[in-house]
Amino acid sequence: TIEVGGVPLVACIDTGATFSLMSDKAYEQVSEHLPGLLPAQVSLSGAGGESLEVKGAVSLEFKLGEGLYDQLTHVGKLEGLDLLLGMDWLSSYGVTIDCATKTIRIGTRDVMFGRAMTVSSRDLVRMCKTVRIRPRGVQRVLCRIRDLSRVGQEVLVEGTTQLGGEL
């Protein structure tokens, strides 16, 4: 997660995205903390070729870990998360991603990523909405949990299933 004006947002670093993109819903949520929207200068498409309906761009100042960053970010249609940090941000800040240690190095700072928790198939209640993030079919699921200390935490569900099948 990142913070914009103290508001936490779900962000994803996407090395396949040329530009950074904020969902229009997230923009509405934090717009009072941001300068006005600049006119759209680009037309962007998702991995599946669909239009991301860019409404404009904004100079986005956000907190990630202990660092503050500023990035011209496009605002448009983005489902399943609030912000994609693309190659424009990665190259501007010389970001290095170390998958083995699950850290992102930004200058001299290291930020941890990739919290994963297990969810058993009996916890799976129903498919909430399928959000296609990658062609392999990443899905969002709604889960029931018995351990209330896990409420509000992100979960990673691995595996493939048919609706109603076992993970």
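Of the 167 residues in the chain, buried residues make up 31%.

## Confidence in the model

The chain has a mean pLDDT of 75, and 67% of its residues reach 70 or more. Over residues 115–142 the pLDDT is below 50, and this stretch has 48 contacts in the model beyond near neighbours in sequence. Residues 156–167 also have a pLDDT under 50. For residues 156–167, the model has 14 contacts beyond four places in sequence.

Where pLDDT is low, the predicted coordinates should not be read in detail.

## Secondary structure and contacts

Two helices and 12 strands make up the secondary structure of the chain. Along the sequence, they follow the pattern β-β-β-β-α-β-β-β-α-β-β-β-β-β.

Contacts can also be sorted by how far apart the two residues lie in the sequence. Among the contacts in the chain with a separation of 6 or more, 49% are between residues 24 or more positions apart.

## Aromatic pairs

How many aromatic pairs does a search of the whole structure find? The search finds five. One of them is formed by Phe62 and Trp89, a tilted pair with 6.0 Å from centre to centre and 50° between the planes. This pair links distant parts of the chain, since Phe62 is in strand E5 (residues 56–64) and Trp89 is in helix H2 (residues 87–92), 27 residues apart. Phe62 has a relative accessibility of 1%, so this residue counts as buried. Trp89, at 0% relative accessibility, counts as buried too.

Trp89 also pairs with Tyr93: the ring centres are 5.9 Å apart and the planes are at 45°, so this pair is tilted. The reason lies in the angle cut-offs, because planes under 30 degrees apart count as stacked and planes over 60 as edge-to-face, with the rest tilted. Tyr93 has a relative accessibility of 27% and therefore counts as partly exposed. Ring pairs link Phe62, Trp89 and Tyr93, together with Tyr69, into a cluster.

## Salt bridges

The structure holds two salt bridges. In one of them, the side chains of Asp24 and Lys55 meet, with 3.2 Å from N to O. Which parts of the chain does the pair of Asp24 and Lys55 link? Asp24 is in helix H1 (residues 24–30), and Lys55 is in the loop between H1 and E5. The two residues are 31 residues apart, and the pair links distant parts of the chain.

Is Asp24 buried or exposed? Asp24 has a relative accessible area of 18%, so this residue is buried. The cut-off matters here, because buried means under 20% relative accessible area. Lys55, at 44% relative accessibility, counts as partly exposed.

Another salt bridge is formed by Asp110 and Arg105, whose closest N and O atoms are 2.8 Å apart. Asp110 has a relative accessible area of 44% and is therefore partly exposed. Arg105 is partly exposed as well, with a relative accessible area of 39%.

Key. Residues are numbered from 1 along each chain as its sequence is written. This is a predicted model: local features need pLDDT of at least 70, side-chain atom pairs count only at pLDDT 80 or more; totals for chains, interfaces and linings use all residues. Side-chain values use heavy atoms; hydrogens and water are left out. Rings of Phe, Tyr and Trp (its six-membered ring) pair if their centres lie within 6.5 Å; planes under 30 degrees apart count as stacked, over 60 as edge-to-face and the rest as tilted. Helices (H or I, at least four residues) and strands (E, at least two) are DSSP runs, numbered from the N terminus. Buried means under 20% relative accessible area, exposed over 50%, partly exposed in between (1.4 Å probe, protein chains only). pLDDT is the predictor's confidence in each residue, from 0 to 100. Contact means heavy atoms within 4.5 Å. A salt bridge is a side-chain nitrogen of Lys or Arg within 4 Å of a carboxyl oxygen of Asp or Glu.
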